[in-house]
Amino acid sequence: MIKEHDEWLIDYFENAKKRNPSFSLRAFAKLVGISPSLLSQILNGNRELTSSIAAKILKKITIEEGLKNEILLTYQRYEKRKKDTLKEIYNIISSDNSLDL
C-alpha cells in the first residue's frame with residue numbers, strides 16, 4: 001500500500017516521464033542510486049520507503065531544499081512513531097504474562 005508520504009516520489013517519477021516519455025523506471029533507479037527492483041517495489045507499495053533511502057533519492061533529484069527537509073522530517077517522525085509503538089506493544093506483552101494468545 002502506498003503511504004501518503006510516498007506520493008512525492010510517484011509524482012516526481014510521473015512528471016519526469018511526462019517530460020521525457022522514454023524515461024524508464026530503470027533510468028530513474030540508476031539516477032537515484034538504487035536498484036530497479038527496489039524502486040519498483042516502493043512505487044508499487046510493496047516495500048516501505050525508509051528515511052535513509054528517501055535521503056539517498058533526495059540527494060540525487062532536483063527539488064526545493066525546504067521540501068527535501070520536510071520530506072525527510074516526515075519519514076524520521078514516522079519511523080520514530082513506529083518504533084515507539086512497537087516498544088509499547090512489547091512492554092504490554094512482556095508485562096502481562098497471563099494473556100491467552
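Helix axes here are lines fitted to C-alpha atoms over the stretch in contact, and angles run from 0 to 180 degrees between N-to-C directions. Helices are DSSP runs (H or I, at least four residues), numbered from the N terminus.

This is a predicted model, in which local features need pLDDT of at least 70, side-chain atom pairs count only at pLDDT 80 or more, and totals for chains, interfaces and linings use all residues. Residues are numbered from 1 along each chain as its sequence is written, and side-chain values use heavy atoms, with hydrogens and water left out. The chain has a mean pLDDT (the predictor's confidence in each residue, from 0 to 100) of 88, and 89% of its residues reach 70 or more. Confidence is highest in α2, at 96, and lowest in α5, at a mean of 88.

Start with α1 (residues 7–19) and α3 (residues 36–43). Their axes come within 10 Å and cross at roughly 115 degrees. The two helices are therefore roughly perpendicular, a label for angles of 65 to 115 degrees. Leu9, Ile10 and Phe13 of α1 meet Leu39, Ile42 and Leu43 of α3; contact means heavy atoms within 4.5 Å. The contact residues are six nonpolar, no polar and no charged.

Now the largest nonpolar core. It holds 25 residues, buried (under 20% relative accessible area, 1.4 Å probe, protein chains only) and joined through side-chain atoms within 4.5 Å. Trp8, Leu9, Phe28, Leu49, Ile57 and Ile61 touch the most other members. Helices α1, α2 (25–32), α3, α4 (51–60) and α5 (65–95) each give two or more residues. The largest share, six residues, comes from α1.

Finally, take Ile61. Leaving out residues up to four places away in sequence, Ile61 touches Trp8, Tyr12, Phe28, Leu31, Val32 and Lys68.

Definitions and conventions. Parallel < 35°, antiparallel > 145°, perpendicular 65-115°, else oblique. Nonpolar A, V, L, I, M, F, W, Y, C, P; charged D, E, K, R; others polar. Buried < 20%, exposed > 50% of the residue type's maximum accessible area, 1.4 Å probe, protein only.
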